Amino acid sequence: TTFEKRFFSSALPLIKSIRNLGIDYPILIFINGNLDGNFDWTARKKFIDEVNKLEKVGFVTSNVMTGMSRNWNLGLQLLGSKLTLCLCDDLVISYGFQKELDEAFVKAKSEGLITLAGFAAFVINENVIADIGWFDERYLGFGEEDGDYVWRFQEFYKSLPPRKICLAINHENLKSRGDEVPGTTKYSLTNR
């Protein structure tokens, strides 16, 4: 998922680095709108034009801002994979990511949900969604939806989701955000 404040600073470099590392899995980008419904059409077009130069990349675009839960759910549904890697747009990946990703996919086949950098990077198996459901879309903003999912995972499986240390991922944890009301950090007050 991404939005216009991060198109060129982090999302495009992330997508290019995935392809430059030889990873050819299909990519689906969720382009979110802004809270006020306005967005920069020129920036969006330029971003899409740049990404269209790469192979196997699709887009979902929203004219209005939707929360992370909705973005993840829709992306997972449209991609239709048994195992899906979800990435936030403020990650930097480096050499070795392909090997670590393949290991995470193997682990997620049996464990269901593997976090690589918290919920900034995780692999989810469709079986987990069948067992505990989709991300809760009543979380209309950003933040807290991952904690809810961890609680539901723990309630069902009686353990926390496993974490795989992934040395090839650096989460920059950018503070750039949309215009929704922030809570105590960059995340939405809405979800609190």
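Me: What makes Lys-46 a charge that lies over the face of Phe-8?
Reply: Lys-46 is at 5.3 Å from the ring centre of Phe-8, and a charge sits over a ring if NZ of Lys or CZ of Arg is within 6 Å of the ring centre and within 35 degrees of the ring normal. The charged end of Arg-44 likewise sits over the ring of Phe-39, 3.7 Å from its centre. The model is a predicted one, in which local features need pLDDT of at least 70 and side-chain atom pairs count only at pLDDT 80 or more, while totals for chains, interfaces and linings use all residues. Residues are numbered from 1 along each chain as its sequence is written, and side-chain values use heavy atoms, with hydrogens and water left out.

Me: Why is the pair of Phe-7 and Phe-8 called edge-to-face?
Reply: Rings of Phe, Tyr and Trp (its six-membered ring) pair if their centres lie within 6.5 Å, and planes under 30 degrees apart count as stacked, over 60 as edge-to-face and the rest as tilted. The centres of Phe-7 and Phe-8 are 6.2 Å apart and their planes stand at 90°, so this pair is edge-to-face.

Me: Why does Phe-7 count as buried, and why is Phe-8 called partly exposed?
Reply: Buried means under 20% relative accessible area, exposed over 50%, and partly exposed in between (1.4 Å probe, protein chains only). Phe-7, with a relative accessible area of 1%, is therefore buried, whereas Phe-8 has 35% relative accessibility and so counts as partly exposed.

Me: Which parts of the chain does the pair of Tyr-25 and Phe-105 link?
Reply: Tyr-25 and Phe-105 form an edge-to-face pair, with 5.5 Å centre to centre and 85° between the planes. Tyr-25 belongs to the loop between α1 (7-20) and β1 (27-31), and Phe-105 to helix α4 (residues 97-111), 80 residues apart; such helices (H or I, at least four residues) and strands (E, at least two) are DSSP runs, numbered from the N terminus. Tyr-25 has 33% relative accessibility, so the residue counts as partly exposed, while Phe-105, at 14%, is therefore buried.

Me: What makes β3 and β5 the edge strands?
Reply: The open sheet of three strands has the order β3-β6-β5, with antiparallel pairing, and β3 (83-87) and β5 (113-115) each pair on one side only. Two strands pair if DSSP finds at least two bridges between them, and five bridges join β3 to β6 (residues 121-125). Leu-83 stands opposite Asn-125 in β6.
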